[in-house]
Amino acid sequence: LAAALLALAILFYVFVYTVWLKRRTPQNIVIGGAAGAIPPMVGWAAATGEVHPLPLLLCAIIFMWTPPHFWALSLYKSDDYQRAVVPMLPVVAGHESTRRHILGYTLLLVPLSLAPAILGYTHAIFAIGAAVLGLVFIGLSVILWWRRSEIMARRLFAFSVAYLFLIFVLLMVDNAWRVGVS
């Protein structure tokens with residue numbers, strides 16, 4: 001199962017994202033993000049031999065995180081994408097539209113990131129940490145939308161990297177605490 005999921009991710013990345021989407025649509029990151037979201041299912045399947053709702057939620061979190069993460073990068077690298085003829089959102093729809101999309105996807109991401117706690121897969125450590133991280137992500141997205149600066153795009157991009165890393169650290173800490181308590 002894990003090998004099949006990994007093969008699916010690789011084939012999707014190579015053929016769907018790289019060959020078909022990357023140079024044809026500004027939605028390349030949205031749809032192509034599915035390939036980068038599959039690893040939690042691969043790891044879970046490798047460890048347990050099955051797919052469970054929690055790794056599906058983790059995939060959904062990564063999938064929803066991908067657009068604001070890459071669009072923040074593309075805001076300050078739009079000239080490079082334009083020269084490379086890659087139709088990233090700021091190149092084809094402009095920076096204002098991209099900032100609105102970043103904010104919209106972030107507003108969808110944050111409640112999704114709280115779903116593991118809401119559904120009972122995690123506890124207070126994760127819930128509180130994910131909520132704080134989510135509020136910061138929303139705050140930075142609002143500031144980027146309002147200030148319209150390259151510096152804010154860089155800050156949001158840097159935070160988005162830390163955000164995803166810390167969400168997964170919180171999962172580990174929450175699980176370690178729960179195992180230690182029981």
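**Helix pair and a buried serine**

α1 passes α2 in a left-handed crossing (the near helix is turned anticlockwise from the far one by less than a right angle). This is a predicted model: local features need pLDDT of at least 70, side-chain atom pairs count only at pLDDT 80 or more, and totals for chains, interfaces and linings use all residues. Residues are numbered from 1 along each chain as its sequence is written, and side-chain values use heavy atoms, without hydrogens or water.

**Packing of α1 and α2**
- Helix α1 spans residues 2–21 and helix α2 residues 28–37 (helices are DSSP runs of H or I, at least four residues).
- Their axes lie 8 Å apart, at an angle of about 165° (axes are fitted to C-alpha atoms over the stretch in contact; angles run from 0 to 180 degrees between N-to-C directions).
- That makes the two helices roughly antiparallel (over 145 degrees).
- A9, F12, Y13, Y17 and L21 of α1 meet N28, I29, I31, G32, A34 and A35 of α2 (contact means heavy atoms within 4.5 Å).
- By class, this contact has 9 nonpolar, 2 polar and no charged residues (Gly counts as polar).

**Cover of α2**
- In α2, 7 of 10 residues are buried (under 20% relative accessible area, 1.4 Å probe, protein chains only).
- These are N28, I29, V30, G32, G33, A35 and A37.
- Their cover includes α1, α3 (39–48), α4 (53–76) and α7 (95–118).

**S160**
- S160 sits in helix α9 (residues 150–181).
- S160 counts as buried, because its relative accessibility is 0%.
- Beyond neighbours within four places in sequence, S160 contacts W65, H69 and F137.

Note on methods
Parallel < 35°, antiparallel > 145°, perpendicular 65-115°, else oblique. Buried < 20%, exposed > 50% of the residue type's maximum accessible area, 1.4 Å probe, protein only.
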